[in-house]
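Good morning, and thank you for joining. Please have the sequence and the structure open while I go through a few local features.

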Amino acid sequence: MTTNLTRRQILGVAALQTAAALGFTRINLHSAQAAEPDAVDSAPAIVIGSGYGGAVAALRLGQAGIRTLVLEMGRLWNNPGPDGTVFCSTSAPDGRSMWFRNRTEAPLATFLWLDVVNRDISPYPGVLDRVHFDAMSVYVGRGVGGGSLVNGGMAVTPVQSYFSEQFPTVDATEMYGTYFPRARSMLGVNTIDRAWFESTEWYRFARTSRKAAANTGLKTTFVPNVYDFAYMRREADGTATRSALAGEVIYGNNHGKRSLDKTYLASALGTGNVTINTLERVREIRRAADGTYVLTADRIDVTGAVVETKQYGCTYLFLAAGSIGTTELLLRAREKGTLPALDASVGTGWGTNGNVMLARANHVWDTVGADESTIPVMGIDDWANADNPVFAEIAPLPTGLEHWVSLYLAITKNPQRASFTYDPSTDGVKLGWSAAQSAVSVSMAKKLFDRINTANSTIYRYDLFGAGSKVFADDFTYHPLGGCVLGRATDDHGRVKGYSRLYVTDGSLVPGNLGVNPFLTITALAERTMARVLSEDTAP
Ligand code: FAE
(Lines give C-alpha, C1' and ligand atoms only; values in the text may rest on other atoms or scores of the structure.)
Protein backbone atom coordinates (compact mmCIF):
# COMPACT_ATOMS: atom_id res chain seq x y z
CA MET A 1 0.00 0.00 0.00
CA THR A 2 1.66 3.17 -1.08
CA THR A 3 -0.99 5.71 -0.29
CA ASN A 4 0.78 8.60 1.42
CA LEU A 5 -0.02 8.90 5.10
CA THR A 6 0.75 11.98 7.11
CA ARG A 7 2.82 11.58 10.28
CA ARG A 8 -0.37 11.91 12.32
CA GLN A 9 -2.08 9.27 10.21
CA ILE A 10 0.85 6.91 10.71
CA LEU A 11 0.59 7.47 14.45
CA GLY A 12 -3.10 6.77 14.08
CA VAL A 13 -2.56 3.49 12.27
CA ALA A 14 -0.10 2.42 14.96
CA ALA A 15 -2.70 3.25 17.60
CA LEU A 16 -5.32 1.26 15.69
CA GLN A 17 -3.00 -1.73 15.68
CA THR A 18 -2.34 -1.46 19.39
CA ALA A 19 -6.05 -1.09 20.13
CA ALA A 20 -6.79 -4.19 18.08
CA ALA A 21 -4.15 -6.21 19.84
CA LEU A 22 -5.49 -5.15 23.21
CA GLY A 23 -9.06 -5.78 22.14
CA PHE A 24 -8.42 -9.31 20.99
CA THR A 25 -6.40 -10.11 24.13
CA ARG A 26 -9.21 -8.93 26.36
CA ILE A 27 -11.74 -10.95 24.41
CA ASN A 28 -9.75 -14.12 24.93
CA LEU A 29 -9.61 -13.57 28.66
CA HIS A 30 -13.37 -13.63 29.06
CA SER A 31 -15.60 -16.63 29.25
CA ALA A 32 -18.35 -17.07 26.68
CA GLN A 33 -20.93 -16.22 29.35
CA ALA A 34 -22.55 -12.79 29.00
CA ALA A 35 -22.26 -10.71 32.16
CA GLU A 36 -24.63 -8.06 33.46
CA PRO A 37 -23.48 -4.52 32.80
CA ASP A 38 -21.67 -3.08 35.77
CA ALA A 39 -19.20 -0.23 35.66
CA VAL A 40 -20.03 2.69 33.40
CA ASP A 41 -17.10 3.83 31.25
CA SER A 42 -17.56 7.40 30.27
CA ALA A 43 -16.21 9.81 27.69
CA PRO A 44 -17.31 13.34 26.86
CA ALA A 45 -18.32 12.16 23.37
CA ILE A 46 -19.27 8.77 21.98
CA VAL A 47 -19.65 7.94 18.30
CA ILE A 48 -21.58 4.78 17.33
CA GLY A 49 -20.19 3.31 14.10
CA SER A 50 -16.99 4.03 12.16
CA GLY A 51 -18.22 4.48 8.56
CA TYR A 52 -18.24 7.86 6.81
CA GLY A 53 -20.42 9.74 9.28
CA GLY A 54 -18.61 8.26 12.28
CA ALA A 55 -15.13 8.88 10.89
CA VAL A 56 -15.84 12.56 10.22
CA ALA A 57 -17.35 13.02 13.68
CA ALA A 58 -14.41 11.28 15.38
CA LEU A 59 -11.77 13.34 13.57
CA ARG A 60 -13.42 16.70 14.13
CA LEU A 61 -14.14 15.95 17.82
CA GLY A 62 -10.57 14.75 18.33
CA GLN A 63 -9.16 17.86 16.67
CA ALA A 64 -11.33 20.01 18.94
CA GLY A 65 -9.62 18.38 21.92
CA ILE A 66 -12.71 16.41 22.97
CA ARG A 67 -11.96 12.92 24.25
CA THR A 68 -14.02 10.61 22.08
CA LEU A 69 -14.82 6.93 22.10
CA VAL A 70 -15.93 5.18 18.89
CA LEU A 71 -17.88 1.94 19.29
CA GLU A 72 -17.78 -0.33 16.22
CA MET A 73 -19.48 -3.73 15.98
CA GLY A 74 -17.06 -5.04 13.33
CA ARG A 75 -13.38 -5.83 13.67
CA LEU A 76 -10.28 -3.89 12.78
CA TRP A 77 -8.94 -5.09 9.44
CA ASN A 78 -5.20 -4.87 9.79
CA ASN A 79 -3.73 -8.27 10.70
CA PRO A 80 -2.96 -10.76 7.94
CA GLY A 81 -4.69 -14.11 8.14
CA PRO A 82 -2.93 -17.46 7.68
CA ASP A 83 -2.65 -16.81 3.93
CA GLY A 84 -0.65 -13.63 4.57
CA THR A 85 -3.37 -11.20 3.46
CA VAL A 86 -5.76 -9.12 5.55
CA PHE A 87 -8.79 -9.69 3.32
CA CYS A 88 -9.64 -12.95 1.60
CA SER A 89 -9.79 -13.21 -2.16
CA THR A 90 -13.06 -12.94 -4.06
CA SER A 91 -12.46 -16.16 -5.99
CA ALA A 92 -11.81 -18.26 -2.87
CA PRO A 93 -13.64 -16.49 -0.05
CA ASP A 94 -13.42 -17.66 3.55
CA GLY A 95 -15.04 -16.51 6.81
CA ARG A 96 -13.44 -13.07 6.44
CA SER A 97 -15.74 -12.35 3.49
CA MET A 98 -19.11 -12.12 5.24
CA TRP A 99 -20.59 -11.29 8.64
CA PHE A 100 -21.33 -14.61 10.40
CA ARG A 101 -22.45 -16.74 7.46
CA ASN A 102 -22.15 -20.39 6.48
CA ARG A 103 -22.17 -19.43 2.81
CA THR A 104 -21.31 -16.26 0.92
CA GLU A 105 -24.19 -14.20 -0.51
CA ALA A 106 -22.65 -12.34 -3.45
CA PRO A 107 -24.81 -9.94 -5.48
CA LEU A 108 -24.33 -12.03 -8.63
CA ALA A 109 -25.64 -15.42 -7.61
CA THR A 110 -24.95 -17.48 -10.73
CA PHE A 111 -23.09 -17.56 -14.04
CA LEU A 112 -24.78 -19.38 -16.94
CA TRP A 113 -27.34 -20.30 -14.27
CA LEU A 114 -24.64 -22.32 -12.48
CA ASP A 115 -24.13 -21.97 -8.75
CA VAL A 116 -20.42 -21.21 -9.22
CA VAL A 117 -20.19 -17.87 -7.43
CA ASN A 118 -20.95 -18.52 -3.77
CA ARG A 119 -18.90 -20.71 -1.42
CA ASP A 120 -19.38 -22.38 1.94
CA ILE A 121 -17.52 -20.48 4.66
CA SER A 122 -17.11 -20.63 8.43
CA PRO A 123 -18.99 -18.06 10.50
CA TYR A 124 -16.75 -15.15 11.47
CA PRO A 125 -17.16 -11.36 11.83
CA GLY A 126 -16.45 -10.90 8.11
CA VAL A 127 -16.34 -7.56 6.35
CA LEU A 128 -19.52 -7.63 4.21
CA ASP A 129 -23.01 -8.11 5.58
CA ARG A 130 -26.29 -8.61 3.76
CA VAL A 131 -29.14 -7.60 6.05
CA HIS A 132 -32.38 -9.29 5.01
CA PHE A 133 -35.82 -7.75 5.24
CA ASP A 134 -39.03 -9.13 3.68
CA ALA A 135 -38.72 -7.77 0.13
CA MET A 136 -35.31 -6.10 0.21
CA SER A 137 -31.85 -6.92 1.45
CA VAL A 138 -29.18 -4.37 2.19
CA TYR A 139 -25.42 -4.77 1.74
CA VAL A 140 -23.29 -2.99 4.35
CA GLY A 141 -19.66 -3.00 5.45
CA ARG A 142 -18.66 -4.23 8.91
CA GLY A 143 -15.46 -3.15 10.54
CA VAL A 144 -13.37 -0.08 11.30
CA GLY A 145 -14.17 1.99 8.21
CA GLY A 146 -17.72 0.68 7.63
CA GLY A 147 -18.80 0.73 3.98
CA SER A 148 -15.43 2.14 2.85
CA LEU A 149 -13.94 -1.34 3.33
CA VAL A 150 -16.18 -3.03 0.77
CA ASN A 151 -17.43 -0.38 -1.62
CA GLY A 152 -16.39 0.50 -5.16
CA GLY A 153 -14.86 3.80 -4.05
CA MET A 154 -16.88 5.94 -6.48
CA ALA A 155 -16.86 9.47 -5.09
CA VAL A 156 -19.64 11.21 -6.97
CA THR A 157 -20.88 14.75 -6.45
CA PRO A 158 -24.65 14.90 -7.00
CA VAL A 159 -26.24 17.23 -9.52
CA GLN A 160 -26.70 20.45 -7.54
CA SER A 161 -30.32 20.99 -8.57
CA TYR A 162 -31.29 17.49 -7.38
CA PHE A 163 -29.32 17.92 -4.15
CA SER A 164 -31.33 21.10 -3.50
CA GLU A 165 -34.57 19.27 -4.28
CA GLN A 166 -33.69 16.60 -1.70
CA PHE A 167 -32.29 19.04 0.87
CA PRO A 168 -34.31 22.22 0.33
CA THR A 169 -33.17 23.81 3.60
CA VAL A 170 -29.44 23.16 3.16
CA ASP A 171 -27.38 26.02 1.71
CA ALA A 172 -26.21 24.38 -1.54
CA THR A 173 -23.71 27.14 -2.28
CA GLU A 174 -21.96 26.39 1.00
CA MET A 175 -22.12 22.61 0.38
CA TYR A 176 -20.65 22.86 -3.13
CA GLY A 177 -18.18 25.60 -2.19
CA THR A 178 -16.94 24.24 1.14
CA TYR A 179 -18.09 20.80 2.26
CA PHE A 180 -17.95 18.74 -0.96
CA PRO A 181 -14.41 20.00 -1.71
CA ARG A 182 -13.40 19.32 1.91
CA ALA A 183 -14.80 15.78 1.74
CA ARG A 184 -13.08 15.07 -1.61
CA SER A 185 -9.76 16.28 -0.30
CA MET A 186 -9.97 14.38 3.01
CA LEU A 187 -11.06 11.15 1.30
CA GLY A 188 -8.18 11.31 -1.20
CA VAL A 189 -10.41 11.39 -4.27
CA ASN A 190 -8.53 11.09 -7.60
CA THR A 191 -9.36 10.47 -11.25
CA ILE A 192 -8.10 7.97 -13.78
CA ASP A 193 -5.61 9.18 -16.38
CA ARG A 194 -7.67 9.49 -19.57
CA ALA A 195 -4.93 8.30 -21.92
CA TRP A 196 -4.38 5.19 -19.79
CA PHE A 197 -8.12 4.54 -19.64
CA GLU A 198 -8.29 4.65 -23.43
CA SER A 199 -5.42 2.21 -23.91
CA THR A 200 -5.45 -0.30 -21.05
CA GLU A 201 -7.01 -3.77 -21.30
CA TRP A 202 -8.24 -3.34 -17.72
CA TYR A 203 -10.91 -0.84 -18.82
CA ARG A 204 -11.91 -2.38 -22.15
CA PHE A 205 -15.19 -3.37 -20.43
CA ALA A 206 -16.00 0.28 -19.70
CA ARG A 207 -15.10 1.41 -23.22
CA THR A 208 -17.37 -1.27 -24.68
CA SER A 209 -20.28 -0.09 -22.50
CA ARG A 210 -19.50 3.51 -23.46
CA LYS A 211 -19.70 2.59 -27.16
CA ALA A 212 -23.13 0.98 -26.63
CA ALA A 213 -24.31 4.10 -24.82
CA ALA A 214 -22.94 6.37 -27.56
CA ASN A 215 -24.73 4.29 -30.21
CA THR A 216 -27.93 5.10 -28.29
CA GLY A 217 -27.16 8.81 -28.17
CA LEU A 218 -26.47 8.67 -24.44
CA LYS A 219 -23.84 10.61 -22.53
CA THR A 220 -21.20 8.91 -20.37
CA THR A 221 -19.14 10.60 -17.70
CA PHE A 222 -15.91 9.77 -15.87
CA VAL A 223 -16.38 9.23 -12.15
CA PRO A 224 -13.72 10.05 -9.53
CA ASN A 225 -12.69 7.38 -7.02
CA VAL A 226 -10.75 6.92 -3.78
CA TYR A 227 -8.75 4.01 -5.20
CA ASP A 228 -5.20 5.24 -5.88
CA PHE A 229 -4.95 5.18 -9.68
CA ALA A 230 -1.17 5.64 -9.60
CA TYR A 231 -1.02 2.43 -7.56
CA MET A 232 -3.35 0.71 -10.06
CA ARG A 233 -1.01 1.58 -12.92
CA ARG A 234 1.86 0.00 -11.01
CA GLU A 235 -0.33 -3.09 -10.58
CA ALA A 236 -0.78 -3.15 -14.34
CA ASP A 237 2.97 -2.68 -14.87
CA GLY A 238 3.72 -5.59 -12.55
CA THR A 239 5.60 -3.44 -10.02
CA ALA A 240 2.98 -3.54 -7.24
CA THR A 241 0.91 -6.30 -5.67
CA ARG A 242 -2.42 -6.55 -7.44
CA SER A 243 -5.67 -5.69 -5.67
CA ALA A 244 -8.16 -3.92 -7.99
CA LEU A 245 -6.54 -5.88 -10.81
CA ALA A 246 -6.84 -9.12 -8.83
CA GLY A 247 -10.61 -9.09 -8.44
CA GLU A 248 -10.62 -7.58 -4.94
CA VAL A 249 -13.39 -5.22 -3.83
CA ILE A 250 -16.56 -6.41 -2.06
CA TYR A 251 -14.65 -8.56 0.46
CA GLY A 252 -12.04 -5.83 0.95
CA ASN A 253 -9.05 -4.49 -0.98
CA ASN A 254 -5.66 -5.54 0.36
CA HIS A 255 -3.96 -2.61 -1.43
CA GLY A 256 -4.65 0.63 -3.24
CA LYS A 257 -7.95 1.69 -1.68
CA ARG A 258 -8.00 4.80 0.53
CA SER A 259 -10.57 3.40 2.92
CA LEU A 260 -11.46 5.41 6.02
CA ASP A 261 -8.98 3.57 8.24
CA LYS A 262 -6.23 5.08 6.03
CA THR A 263 -7.72 8.60 5.94
CA TYR A 264 -10.19 10.12 8.41
CA LEU A 265 -9.87 7.45 11.12
CA ALA A 266 -6.07 7.35 11.03
CA SER A 267 -6.05 11.14 11.41
CA ALA A 268 -8.65 10.92 14.19
CA LEU A 269 -6.46 8.51 16.17
CA GLY A 270 -3.48 10.72 15.43
CA THR A 271 -5.09 13.51 17.46
CA GLY A 272 -4.52 11.41 20.58
CA ASN A 273 -8.09 12.10 21.73
CA VAL A 274 -9.91 9.27 19.96
CA THR A 275 -10.18 5.59 20.92
CA ILE A 276 -11.95 2.92 18.87
CA ASN A 277 -13.40 -0.15 20.55
CA THR A 278 -14.07 -2.96 18.10
CA LEU A 279 -16.51 -5.89 18.18
CA GLU A 280 -18.84 -3.87 20.40
CA ARG A 281 -22.44 -3.57 19.25
CA VAL A 282 -24.57 -0.88 20.86
CA ARG A 283 -27.97 -2.24 21.74
CA GLU A 284 -29.70 0.42 23.81
CA ILE A 285 -29.59 4.17 24.40
CA ARG A 286 -31.22 5.99 27.28
CA ARG A 287 -30.92 9.34 28.95
CA ALA A 288 -29.87 9.66 32.58
CA ALA A 289 -31.52 12.12 34.93
CA ASP A 290 -28.59 14.54 34.55
CA GLY A 291 -29.12 14.70 30.76
CA THR A 292 -26.15 12.51 29.84
CA TYR A 293 -26.58 9.42 27.66
CA VAL A 294 -26.14 5.85 28.82
CA LEU A 295 -25.44 3.14 26.24
CA THR A 296 -25.60 -0.61 26.59
CA ALA A 297 -23.24 -2.48 24.27
CA ASP A 298 -22.55 -6.17 23.73
CA ARG A 299 -18.93 -7.13 23.17
CA ILE A 300 -18.68 -10.21 21.00
CA ASP A 301 -15.85 -12.57 20.22
CA VAL A 302 -14.98 -13.91 16.78
CA THR A 303 -17.55 -16.69 17.14
CA GLY A 304 -20.27 -14.09 17.68
CA ALA A 305 -20.79 -15.01 21.35
CA VAL A 306 -21.51 -12.10 23.67
CA VAL A 307 -18.60 -12.12 26.10
CA GLU A 308 -19.45 -8.97 28.01
CA THR A 309 -22.27 -6.45 28.24
CA LYS A 310 -20.93 -2.97 28.91
CA GLN A 311 -22.38 0.36 29.85
CA TYR A 312 -21.01 3.66 28.62
CA GLY A 313 -21.89 7.21 29.54
CA CYS A 314 -21.35 10.39 27.54
CA THR A 315 -22.44 14.00 27.26
CA TYR A 316 -22.45 14.18 23.45
CA LEU A 317 -23.73 11.23 21.45
CA PHE A 318 -23.21 10.86 17.69
CA LEU A 319 -25.16 8.17 15.86
CA ALA A 320 -23.29 6.93 12.79
CA ALA A 321 -24.30 3.27 12.59
CA GLY A 322 -25.52 3.71 8.99
CA SER A 323 -29.05 4.06 7.71
CA ILE A 324 -30.13 0.67 9.04
CA GLY A 325 -28.13 0.73 12.30
CA THR A 326 -28.98 4.26 13.40
CA THR A 327 -32.65 3.94 12.53
CA GLU A 328 -32.90 0.67 14.47
CA LEU A 329 -31.23 2.17 17.55
CA LEU A 330 -33.49 5.24 17.58
CA LEU A 331 -36.68 3.36 16.80
CA ARG A 332 -35.99 0.86 19.56
CA ALA A 333 -35.30 3.72 21.98
CA ARG A 334 -38.52 5.52 21.08
CA GLU A 335 -40.73 2.43 21.13
CA LYS A 336 -39.25 0.99 24.34
CA GLY A 337 -39.55 4.37 25.99
CA THR A 338 -35.86 4.96 26.71
CA LEU A 339 -35.93 8.08 24.46
CA PRO A 340 -39.69 8.65 24.25
CA ALA A 341 -39.56 12.21 22.94
CA LEU A 342 -38.01 11.23 19.59
CA ASP A 343 -39.89 12.59 16.60
CA ALA A 344 -42.65 10.50 14.97
CA SER A 345 -40.73 10.66 11.68
CA VAL A 346 -37.89 8.47 13.04
CA GLY A 347 -38.05 5.26 10.98
CA THR A 348 -39.60 6.90 7.90
CA GLY A 349 -38.32 8.24 4.57
CA TRP A 350 -36.22 5.21 3.69
CA GLY A 351 -35.28 4.29 0.12
CA THR A 352 -32.88 2.19 -1.96
CA ASN A 353 -31.48 5.06 -4.04
CA GLY A 354 -33.45 3.38 -6.82
CA ASN A 355 -30.77 0.66 -7.16
CA VAL A 356 -31.19 -2.05 -9.81
CA MET A 357 -28.41 -4.29 -11.12
CA LEU A 358 -28.62 -5.72 -14.62
CA ALA A 359 -26.44 -6.96 -17.45
CA ARG A 360 -26.41 -7.00 -21.26
CA ALA A 361 -24.91 -9.55 -23.63
CA ASN A 362 -22.63 -7.93 -26.22
CA HIS A 363 -21.97 -9.16 -29.74
CA VAL A 364 -18.93 -11.43 -30.07
CA TRP A 365 -16.95 -8.64 -31.71
CA ASP A 366 -17.66 -6.27 -28.81
CA THR A 367 -15.31 -7.86 -26.32
CA VAL A 368 -15.02 -6.71 -22.70
CA GLY A 369 -11.63 -8.38 -22.18
CA ALA A 370 -10.50 -11.13 -19.85
CA ASP A 371 -8.87 -8.51 -17.59
CA GLU A 372 -11.21 -6.17 -15.70
CA SER A 373 -10.34 -3.75 -12.92
CA THR A 374 -12.84 -3.95 -10.04
CA ILE A 375 -12.91 -0.17 -9.68
CA PRO A 376 -15.67 1.55 -11.68
CA VAL A 377 -14.68 4.82 -13.36
CA MET A 378 -17.56 5.63 -15.69
CA GLY A 379 -21.33 6.09 -15.65
CA ILE A 380 -24.11 6.57 -18.19
CA ASP A 381 -25.59 9.90 -17.24
CA ASP A 382 -29.22 10.25 -18.31
CA TRP A 383 -30.30 12.03 -15.14
CA ALA A 384 -31.30 15.15 -17.07
CA ASN A 385 -33.92 13.14 -18.97
CA ALA A 386 -37.05 14.41 -17.23
CA ASP A 387 -39.14 11.47 -18.49
CA ASN A 388 -36.88 8.82 -17.01
CA PRO A 389 -33.90 10.03 -14.95
CA VAL A 390 -31.25 7.31 -14.50
CA PHE A 391 -27.54 7.36 -13.66
CA ALA A 392 -26.01 3.96 -14.39
CA GLU A 393 -22.62 2.96 -13.10
CA ILE A 394 -20.69 0.83 -15.61
CA ALA A 395 -19.74 -2.01 -13.28
CA PRO A 396 -16.96 -4.57 -13.69
CA LEU A 397 -17.46 -8.33 -13.76
CA PRO A 398 -13.94 -9.71 -13.42
CA THR A 399 -13.75 -13.45 -14.02
CA GLY A 400 -10.41 -13.74 -15.82
CA LEU A 401 -12.23 -14.88 -18.97
CA GLU A 402 -13.85 -13.04 -21.87
CA HIS A 403 -17.60 -13.26 -21.22
CA TRP A 404 -19.03 -10.42 -23.35
CA VAL A 405 -21.12 -9.22 -20.38
CA SER A 406 -21.73 -5.53 -19.67
CA LEU A 407 -22.85 -5.11 -16.06
CA TYR A 408 -24.50 -2.02 -14.62
CA LEU A 409 -25.73 -0.65 -11.31
CA ALA A 410 -28.58 1.69 -12.24
CA ILE A 411 -29.54 4.48 -9.86
CA THR A 412 -33.09 5.51 -10.73
CA LYS A 413 -35.20 8.41 -9.47
CA ASN A 414 -37.63 6.13 -7.67
CA PRO A 415 -39.89 8.28 -5.46
CA GLN A 416 -41.04 5.32 -3.37
CA ARG A 417 -40.20 5.40 0.36
CA ALA A 418 -40.71 2.91 3.17
CA SER A 419 -40.82 2.92 6.96
CA PHE A 420 -39.28 0.74 9.62
CA THR A 421 -41.32 -0.55 12.54
CA TYR A 422 -40.05 -1.89 15.83
CA ASP A 423 -40.77 -5.59 16.36
CA PRO A 424 -40.90 -6.42 20.10
CA SER A 425 -40.82 -10.15 19.40
CA THR A 426 -37.27 -9.91 18.01
CA ASP A 427 -36.24 -6.59 19.56
CA GLY A 428 -35.32 -5.67 15.97
CA VAL A 429 -36.93 -3.73 13.13
CA LYS A 430 -39.05 -4.65 10.13
CA LEU A 431 -38.86 -2.79 6.84
CA GLY A 432 -42.09 -2.02 4.99
CA TRP A 433 -40.47 -1.99 1.51
CA SER A 434 -42.48 -4.06 -1.01
CA ALA A 435 -41.70 -5.78 -4.32
CA ALA A 436 -44.08 -3.32 -6.00
CA GLN A 437 -41.83 -0.47 -4.85
CA SER A 438 -38.79 -2.18 -6.43
CA ALA A 439 -40.80 -2.60 -9.64
CA VAL A 440 -40.77 1.19 -10.01
CA SER A 441 -36.95 1.17 -10.14
CA VAL A 442 -37.01 -1.77 -12.57
CA SER A 443 -39.35 -0.10 -14.99
CA MET A 444 -37.10 2.99 -15.08
CA ALA A 445 -33.94 0.93 -15.58
CA LYS A 446 -35.69 -1.18 -18.23
CA LYS A 447 -36.77 1.90 -20.16
CA LEU A 448 -33.17 3.07 -20.44
CA PHE A 449 -31.60 -0.32 -21.18
CA ASP A 450 -34.32 -1.32 -23.66
CA ARG A 451 -33.20 1.74 -25.63
CA ILE A 452 -29.56 0.64 -25.41
CA ASN A 453 -30.42 -2.91 -26.48
CA THR A 454 -32.54 -1.69 -29.38
CA ALA A 455 -29.87 0.69 -30.63
CA ASN A 456 -27.21 -2.03 -30.43
CA SER A 457 -29.34 -5.07 -31.37
CA THR A 458 -28.34 -6.72 -28.09
CA ILE A 459 -30.24 -8.52 -25.33
CA TYR A 460 -30.21 -8.78 -21.54
CA ARG A 461 -28.36 -11.54 -19.66
CA TYR A 462 -30.78 -13.89 -17.92
CA ASP A 463 -28.31 -16.13 -16.10
CA LEU A 464 -26.71 -13.95 -13.42
CA PHE A 465 -29.22 -13.30 -10.67
CA GLY A 466 -30.30 -16.76 -9.63
CA ALA A 467 -32.71 -19.35 -10.88
CA GLY A 468 -35.75 -18.27 -12.91
CA SER A 469 -33.99 -16.12 -15.51
CA LYS A 470 -34.13 -12.95 -13.44
CA VAL A 471 -32.92 -9.99 -15.51
CA PHE A 472 -33.20 -7.14 -13.02
CA ALA A 473 -31.70 -7.64 -9.57
CA ASP A 474 -34.17 -5.51 -7.65
CA ASP A 475 -34.09 -7.32 -4.32
CA PHE A 476 -30.93 -5.76 -2.89
CA THR A 477 -29.42 -2.32 -2.50
CA TYR A 478 -25.89 -1.05 -1.93
CA HIS A 479 -27.24 2.39 -1.04
CA PRO A 480 -29.59 2.31 1.98
CA LEU A 481 -30.65 5.90 2.64
CA GLY A 482 -32.95 7.54 5.16
CA GLY A 483 -34.80 6.55 8.31
CA CYS A 484 -33.79 9.65 10.24
CA VAL A 485 -34.12 12.32 7.60
CA LEU A 486 -32.41 15.71 7.90
CA GLY A 487 -34.86 18.46 8.71
CA ARG A 488 -37.57 15.99 9.75
CA ALA A 489 -36.29 13.67 12.50
CA THR A 490 -33.44 16.11 13.11
CA ASP A 491 -32.96 19.83 12.69
CA ASP A 492 -31.15 21.11 9.60
CA HIS A 493 -27.78 20.15 11.06
CA GLY A 494 -28.46 16.60 12.24
CA ARG A 495 -29.39 17.48 15.83
CA VAL A 496 -32.01 14.91 16.81
CA LYS A 497 -35.38 16.46 17.63
CA GLY A 498 -36.54 15.98 21.20
CA TYR A 499 -33.06 15.71 22.78
CA SER A 500 -30.09 18.01 23.15
CA ARG A 501 -26.50 16.88 22.43
CA LEU A 502 -27.77 13.93 20.37
CA TYR A 503 -26.73 13.90 16.68
CA VAL A 504 -26.98 11.83 13.50
CA THR A 505 -24.15 12.07 10.95
CA ASP A 506 -24.69 9.14 8.56
CA GLY A 507 -26.72 7.97 5.56
CA SER A 508 -29.95 7.87 7.53
CA LEU A 509 -30.14 11.66 7.02
CA VAL A 510 -30.51 11.31 3.23
CA PRO A 511 -34.17 11.12 2.15
CA GLY A 512 -34.07 7.81 0.26
CA ASN A 513 -32.60 8.95 -3.04
CA LEU A 514 -29.63 11.00 -4.19
CA GLY A 515 -29.24 10.19 -7.88
CA VAL A 516 -25.59 9.16 -7.48
CA ASN A 517 -23.52 6.89 -5.22
CA PRO A 518 -23.87 8.39 -1.75
CA PHE A 519 -20.70 8.33 0.37
CA LEU A 520 -19.28 11.68 -0.76
CA THR A 521 -22.55 13.40 0.16
CA ILE A 522 -22.73 11.60 3.52
CA THR A 523 -19.17 12.73 4.25
CA ALA A 524 -19.82 16.33 3.19
CA LEU A 525 -23.04 16.56 5.24
CA ALA A 526 -21.19 15.16 8.26
CA GLU A 527 -18.48 17.81 7.82
CA ARG A 528 -21.22 20.45 7.75
CA THR A 529 -22.84 19.09 10.91
CA MET A 530 -19.56 18.89 12.78
CA ALA A 531 -18.57 22.46 11.83
CA ARG A 532 -21.86 23.73 13.23
CA VAL A 533 -21.98 21.54 16.33
CA LEU A 534 -18.41 22.31 17.34
CA SER A 535 -18.94 26.04 16.97
CA GLU A 536 -22.33 26.23 18.69
CA ASP A 537 -22.96 23.26 20.97
CA THR A 538 -19.70 22.42 22.67
CA ALA A 539 -18.69 25.82 23.98
CA PRO A 540 -17.96 25.70 27.73
P1 FAE B 1 -21.57 2.84 7.11
O2 FAE B 1 -20.42 3.13 6.23
O3 FAE B 1 -22.45 1.68 6.79
O4 FAE B 1 -21.00 2.66 8.60
C5 FAE B 1 -21.78 2.26 9.69
C6 FAE B 1 -20.90 1.51 10.68
O7 FAE B 1 -21.61 1.32 11.90
C8 FAE B 1 -20.49 0.11 10.19
O9 FAE B 1 -19.10 -0.04 10.33
C10 FAE B 1 -21.27 -0.84 11.13
O11 FAE B 1 -20.58 -2.04 11.39
C12 FAE B 1 -21.41 0.01 12.38
N13 FAE B 1 -22.57 -0.32 13.21
C14 FAE B 1 -23.84 -0.55 12.79
N15 FAE B 1 -24.67 -0.78 13.84
C16 FAE B 1 -23.88 -0.68 14.97
C17 FAE B 1 -24.14 -0.82 16.36
N18 FAE B 1 -25.39 -1.06 16.82
N19 FAE B 1 -23.11 -0.69 17.22
C20 FAE B 1 -21.85 -0.44 16.77
N21 FAE B 1 -21.55 -0.29 15.45
C22 FAE B 1 -22.56 -0.40 14.56
O23 FAE B 1 -22.53 4.10 7.26
N24 FAE B 1 -21.14 4.36 -2.15
C25 FAE B 1 -20.49 5.23 -2.94
O26 FAE B 1 -20.64 6.44 -2.77
N27 FAE B 1 -19.66 4.79 -3.95
C28 FAE B 1 -19.48 3.46 -4.20
O29 FAE B 1 -18.72 3.10 -5.10
C30 FAE B 1 -20.19 2.53 -3.39
N31 FAE B 1 -20.08 1.19 -3.62
C32 FAE B 1 -20.66 0.31 -2.72
C33 FAE B 1 -20.43 -1.06 -2.88
C34 FAE B 1 -20.90 -1.95 -1.93
C35 FAE B 1 -20.67 -3.42 -2.10
C36 FAE B 1 -21.62 -1.47 -0.79
C37 FAE B 1 -22.12 -2.40 0.27
C38 FAE B 1 -21.85 -0.11 -0.64
C39 FAE B 1 -21.38 0.78 -1.60
N40 FAE B 1 -21.57 2.15 -1.47
C41 FAE B 1 -20.98 3.03 -2.32
C42 FAE B 1 -22.39 2.70 -0.36
C43 FAE B 1 -21.55 3.31 0.76
O44 FAE B 1 -20.55 2.41 1.17
C45 FAE B 1 -22.49 3.69 1.92
O46 FAE B 1 -23.41 4.64 1.43
C47 FAE B 1 -21.73 4.28 3.09
O48 FAE B 1 -20.80 3.37 3.61
C49 FAE B 1 -22.70 4.70 4.20
O50 FAE B 1 -21.97 5.42 5.17
P51 FAE B 1 -22.54 5.59 6.64
O52 FAE B 1 -21.61 6.45 7.39
O53 FAE B 1 -23.97 5.94 6.58
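This is a predicted model: local features need pLDDT of at least 70, side-chain atom pairs count only at pLDDT 80 or more; totals for chains, interfaces and linings use all residues.

Let me begin with a helix pair: H2 passes H11 in a right-handed crossing, a crossing being right-handed if the near helix is turned clockwise from the far one by less than a right angle, and left-handed if anticlockwise. The contact, meaning heavy atoms within 4.5 Å, is made on the H2 side by Tyr52, Gly53, Val56, Ala57, Arg60 and Leu61. H11 contributes Phe519, Ile522, Thr523, Ala526, Glu527, Met530 and Leu534.

Residues are numbered from 1 along each chain as its sequence is written, and side-chain values use heavy atoms, with hydrogens and water left out. Helices are DSSP runs (H or I, at least four residues), numbered from the N terminus.

Now to the geometry of that pair. The axes of H2 (residues 52–63) and H11 (residues 519–536) come within 8 Å and cross at roughly 30°; axes are lines fitted to C-alpha atoms, for helices over the stretch in contact, with angles from 0 to 180 degrees between N-to-C directions. That makes H2 roughly parallel to H11, a label for angles under 35 degrees.

Next, helix H7, residues 229–237. Which of its residues are buried? They are Phe229, Tyr231, Met232 and Glu235, where buried means under 20% relative accessible area, exposed over 50% and partly exposed in between, with a 1.4 Å probe and protein chains only. These residues cover an arc of only 150° around the axis, which puts them on the same side of H7; the arc is that of the directions from the helix axis to the C-beta atoms. Their cover includes helix H5 (194–199).

After the helix comes Gly238, whose phi is positive, near 85°.

Finally, consider Asn190, in the loop between helix H4 (172–187) and H5. Because its relative accessibility is 18%, Asn190 counts as buried. A polar atom of the Asn190 side chain lies 2.7 Å from the backbone oxygen of Tyr227. The backbone nitrogen of Phe229 lies 3.1 Å from a polar atom of that side chain.

Notes: Helices (H or I, at least four residues) and strands (E, at least two) are DSSP runs, numbered from the N terminus. Angles under 35 degrees count as roughly parallel, over 145 as roughly antiparallel, 65 to 115 as roughly perpendicular and the rest as oblique. A polar contact is a pair of N or O atoms within 3.5 Å; within protein, one must be able to donate a hydrogen and the other to accept it, and residues adjacent in sequence count only if both atoms are side-chain atoms.
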